[in-house]
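Hello,

Here is the structure I said I would pass on. My notes on it follow below.

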Amino acid sequence: MKLSGGEALVKSLVNEGVEVVFGIPGIQVYGIVAALRDEPGIRMISTRHEQATTYMADGYARATRKPGVALVVPGVGVYNAASGLANAFARCSPVLLIAGQIPRAQIDKDIGSIHEVVDQPSVVEPVTKWRRRVMRPREVPDAVFEAFRQMRTGRPRPVLIEVPPETGVEREEVVLREPARISRIVPSPEQLREAAQIIANSHLPLIYAGGGVAISDAEEALVRLAEATNIPVVTSNSGKGSIPDDHPLSYGSCFSPMAEQPSMNELFEVMQSADVVIGIGARFSLGNPAGEASTLININVDDGDLTRIQSNTVPLHGDAKATIEALIPYLIEAGAGERPSPAEAVTAARNLIAYYDIRLKEPPYEIIETINQAIPEDAFIIWDVTQFGWYARTHYQVNQPKTYIDSGYSFNLGFSFPTALGVKVGQPDRPVICMVGDGGFMFNASELSTAVKYGINVVTVIFNNDSYGNVERDLDEVFDGTYDTNLHNPDFVKFAESFGAVGIRANDPMELATLIPEALKMNAPVIIDVPVHNLRMPRAPQFAFTTKLPWATPQDGLLPT
């Protein structure tokens, strides 16, 4: 059929199951925008800043496990959207960025065209898995086909398609494509049998579940594996929710082997005593806590991560869900199902962790417990890079898969609000709560306009201390005084109301026990301003090591000898 490049692009997206595109209309993408307007099977949500396009696409992808799609103009539009790509890259989230280009004859000529950036794909190369420029309409279906194949195979990460403005409006014969047929990778029977025998012969095996479990939709398979073998589970931070925190075989989430908090050390002792660690969809970015003394059975769809961690590794290259399901029969055959239940030991360890937490009784714990009790278990909660968010990485309890969302190692301040909007677009019938500090909220506060315009009814809790609080504390405690970390904020209640949203102010953080349920009943975007000016937040224990790093303390040193 004869189609413009914009029409070919939009129809190809529809064929891939795309229902929404997050973007901003702009001069070099008019052909694409017109095609979106005329296609009933897809809609566009227009944001107030390009940064929000990829954040919203990321939130949509993580809530639905379907690729999220963003649309921006070239040059500055791509630069603005890159922060969301970085966040999606860190969390292995499938996001397609469709970027405009300057006219074909001017590309990479460095002549000062509107929005020109020489070698534009290189701008986002470090935070994308794959990139392609389409120069004419008939090339579009193949590019879209490959973009989605890349996002659906191996480790899902962002991809880029560039479209020059002429390509969006020129018409020629185009052959559309159906989506690629994707098969899950499974290790060979010999490899599975070998791994099963090692696990069956182990004395203190442990499962370490990472973010790859959720990516593969392997949460139920993971629980079956733990229950079939009586092997307890520790989740990485990105693996939170892959097994319910209240499951009798779940130790909970562990962040860093450098944590100094007693309760976290208790968990590390459990991990370090394991003679076999079954890693599932985990990068082990800070190493296997059990170390070389253990055998690592490493299940990962990314073969680059299979033997990177330690030499004593049995690599199982495969999709998490398919590999777990294929491995269980071999484990039963090898006798791994006869292991006595460790539930009592797990409960004792969890009680000891809770005991330490109760003894500490720092304000964040009580507030996070209050939030946990106020929010329905099926609600999505998006934690920004805020002091409460840091505590939440280990202490917020998650019992429903994929409901806990954070920035991963990218630590993008301010990502949470637009990401929460994308989550709500993907899951409109589920409660969605954004937890953010005043500093982070203002990064993308203008997207409150987007929320009201499209009826994206997210509840946003702003912990407000009129400062970049964590930095303020570190500078004050370690560098003998803070500097320029104070903020001048609007009245957040009036700010919300000026957009047509609902604004509420808490008198005390503990009021969230009633304010959050009330806000969830309102048919509107809601901002809850929670002043915490008088709350001196201690450094999150799992990050206590940061001020002991050489570059985080004043000193004479660091120069090469």
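Strand 15 and strand 16 run parallel and are joined by two bridges. Within that pair, Ile 381 sits opposite Tyr 404 of strand 16. Please keep in mind throughout that this is a predicted model.

Both strands belong to an open sheet of six strands, ordered 16-15-17-18-20-19, with parallel pairing. Strand 16 (404-405) and strand 19 (502-505) are at the edges; each has a single partner strand, so one side of each has no neighbour in the sheet.

Strand 17 (residues 432-437) pairs on one hand with strand 15 (residues 380-383), in the parallel sense and over four bridges. Here Phe 380 is opposite Val 432. Strand 17 also pairs with strand 18 (residues 459-464), again parallel, over five bridges. Val 461 in strand 18 is the bridge partner of Met 435.

How many of the six residues of strand 17 are buried? Six of the six are, and the strand is described as mostly covered. Val 432, Cys 434 and Val 436 point one way from strand 17, while Ile 433, Met 435 and Gly 437 point the other way, and all are buried.

**Helices on this sheet**

Helix 14 (residues 363-374) and helix 21 (residues 512-520) have axes that come within 8 Å and cross at roughly 35 degrees. The crossing is right-handed. Helix 14 contributes Thr 370, Ile 371 and Ala 374 to the contact, and helix 21 contributes Leu 512, Ala 513, Ile 516 and Pro 517. By type, the residues of this contact are six nonpolar, one polar and no charged.

Helix 14 touches strand 15, strand 17 and strand 18, and its direction makes about 150 degrees with that of strand 15. Helix 21 touches strand 17, strand 18, strand 19 and strand 20 (526-531), with its direction at about 170 degrees to that of strand 20.

Another open sheet of six strands has the order 3-2-4-5-7-6 and parallel pairing. Its edges are strand 3 (43-46) and strand 6 (130-133), each with a single partner strand, so one side of each is left without a neighbour in the sheet. From one strand to the next, the twist averages 20 degrees.

Strand 2 (residues 20-23) and strand 4 (residues 68-72) run parallel, joined by two bridges. Phe 22 is opposite Ala 70 of strand 4. Helix 2 (residues 30-38) lies across strand 2, strand 3, strand 4, strand 5 (95-100) and strand 7 (159-163), at about 135 degrees to strand 4.

**Nonpolar cores**

The largest nonpolar core has 46 residues, and Phe 22, Ile 382 and Phe 441 have the most contacts inside it. Helix 4 (residues 76-90) supplies the largest share of this core, six residues. Beyond its neighbours within four places in sequence, Phe 441 is in contact with Phe 417, Val 436, Thr 460, Ile 462, Phe 492, Phe 495 and Ile 527. Another core, of 32 residues, lies apart from the largest one and includes Ile 199, Ala 218, Val 223 and Leu 331.

**An exposed loop residue**

Ala 293 is in the loop between strand 12 (276-280) and strand 13 (295-300). Is Ala 293 buried or exposed? Its relative accessibility is 76%, and the cut-off for exposed is over 50%, so Ala 293 counts as exposed. Its C-alpha atom is separated by 36 Å from that of Ile 368, which is 75 residues away along the chain.

Regards

Conventions:
Residues are numbered from 1 along each chain as its sequence is written. This is a predicted model: local features need pLDDT of at least 70, side-chain atom pairs count only at pLDDT 80 or more; totals for chains, interfaces and linings use all residues. Side-chain values use heavy atoms; hydrogens and water are left out. Buried means under 20% relative accessible area, exposed over 50%, partly exposed in between (1.4 Å probe, protein chains only). Two strands pair if DSSP finds at least two bridges between them. Axes are lines fitted to C-alpha atoms, for helices over the stretch in contact, and angles run from 0 to 180 degrees between N-to-C directions. A crossing is left-handed if the near helix is turned anticlockwise from the far one by less than a right angle, and right-handed if clockwise. Contact means heavy atoms within 4.5 Å. Ala, Val, Leu, Ile, Met, Phe, Trp, Tyr, Cys and Pro count as nonpolar, Asp, Glu, Lys and Arg as charged, and the others, Gly among them, as polar. A nonpolar core is a set of buried Ala, Val, Leu, Ile, Met, Phe, Trp, Tyr and Cys residues joined through side-chain atoms within 4.5 Å.
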